[in-house]
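Please examine the sequence and the structure before reading each worked solution.

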Amino acid sequence: MTGRRRKRSTFLPGLLTRHARNGVLSAGTAVACAALVSGCGVVPGATGDAGDDPITVMTWAPEDTKATNKPGMPAFARAYARWVNAKGGINGRKLNVLTCNDHNDSVAAAKCARRAAKENVVAVVGSYSQYADSFFPSLEGAGIPYIGGYGITNAEFTSPLSYPVNGGQPALLAGLGSALADCGPVSLIRPDTIAGDQLPPLLDSGLKTGGHSPSRDQRAAEDATEYDGHADLALRTTTTDAENEGCVVPALGDRNSTFMDSFRRAREEYPDVRTATVLGSVDQTVIDATGGASGPYEGSYITGWYPVASDPRWDAMKRVIKEEAFDDNRIDPADAGVQTTWIAYSVFHKVVESLGGGEVTADTVAEALDDGLSVSTGGLTPTLRWQFEGKLASVGFPRLVNADVTLQVVREGRLVSARKGFLDTTRTLENADVNY
């Protein structure tokens, strides 16, 4: 059933257990039945079983903006729905995917969330937005779970209705800091935004673990057309130690390429420095476009959430793309947004399967996850299981259940694994000085 569900209070989880709340609701239902005397077996607009109604979800991301764009995420979500439906749906029910452009704007993000509530979606799956303060109030008010967000905001790791599949920016930056502990001076160039403000202490937590001093924090406009001044300042900052090569860390999302254009011109007048960044800001396409083996990323460490795109564990996702979106150039299997969307929909698929022939609503989806459902992702992440208070609750990330990252390096122009397996950043994040 996909009809309108009851509202879920975001305050109740701290006061009552879910089973206690159900008991209160059951008592209220009995009173209502007594008052109505008859006809209590059927609620208007609902049926006794799930029926054959489509299961409606939403995926949103920014498109056609001057800053960060993630068109591959909604495009892959639609391809996934076509693939699932061609195979008979989930438990025999069609999957209906609505998409929304958040325009990298707080007002548009809020509109997407209000539309999700109006359309009675059972979940928002595999989405990207840096405006959590704008969209979470509507989702929480309607009780809609947020499964597999990109991890760009702290709220994705605090909301009781958020179910992240990766460690987001916190894990990436903490892992990168650990990898750069042998660098000389480190300079971080990041967006001058609320989301960007969260990045320096996360990188510094990793540097601190390795006994390194904090990075130099450089704020930059996320939609700038050139970064000449920032590139020059970063080079001056990181070349002060003649005995120890410094590291420049741009974390500007889609504007990383713009920064590197400025950086490549400026670095000719300075001693050598290393560059490093996080996946999402750089992928193989960006490395190729900036010169490959002769470009500025050669030798760079890059942290990601998942195995490299050439890993056979991605074969199932690639089959979906090949069968349903082979000619859609928005969908890049090496893009971290597309990969996150695949994992998020894989989680959602398994949640619905766990419900059998029962109702599929926002409530039943969230309750299945809250009741400790464990989800395997075929080795792309550790087994995922969400608890109300995770290991990182003490540092403000109660919903962060996967702190693993992969360490990759650019060798001969190709992004390859720098070490086997995953790096668990849990202990590093426990020491992060994050401001709220």
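**Exercise 1.** Identify the aromatic cluster to which F76 belongs, and describe the pair that F76 forms with W342.

Solution. F76, Y80, W83, W342 and Y345 form one aromatic cluster. The model is predicted: local features need pLDDT of at least 70, side-chain atom pairs count only at pLDDT 80 or more, and totals for chains, interfaces and linings use all residues. Residues are numbered from 1 along each chain as its sequence is written, and side-chain values use heavy atoms, with hydrogens and water left out.

Step 1. Rings of Phe, Tyr and Trp (its six-membered ring) pair if their centres lie within 6.5 Å; planes under 30 degrees apart count as stacked, over 60 as edge-to-face and the rest as tilted. A search of the whole structure finds 18 aromatic pairs.

Step 2. In the pair of F76 and W342, the centres are 6.3 Å apart and the planes stand at 80°, an edge-to-face arrangement.

Step 3. This pair links distant parts of the chain, 266 residues apart: F76 belongs to helix 2 (residues 72–86) and W342 to helix 12 (residues 336–354). Helices (H or I, at least four residues) and strands (E, at least two) are DSSP runs, numbered from the N terminus.

Step 4. Both F76 and W342 are buried, that is, under 20% relative accessible area, where exposed means over 50% and partly exposed in between (1.4 Å probe, protein chains only).

**Exercise 2.** Classify the pair formed by the rings of F135 and F136.

Solution. The ring centres of F135 and F136 are 4.7 Å apart and the planes are at 40°, so the pair is tilted. F135 and F136 are both buried.

**Exercise 3.** Is strand 6 enclosed or open, and which strands pair with strand 6?

Solution. Step 1. In strand 6 (residues 186–191), 6 of the 6 residues are buried, so this strand is largely enclosed by the rest of the structure.

Step 1. Two strands pair if DSSP finds at least two bridges between them. Strand 6 runs parallel to strand 8 (residues 247–250), with 4 bridges, and is also parallel to strand 7 (residues 216–220), with 5 bridges.

Step 2. I189 has P250 as its bridge partner in strand 8 and Q218 as its partner in strand 7.

Step 3. The buried residues of helix 9 (residues 256–266) include F259, M260 and F263. The buried residues of helix 9 pack against strand 6, helix 8 (228–238), strand 8 and strand 9 (274–278).

Methods. Contact = heavy atoms within 4.5 Å.
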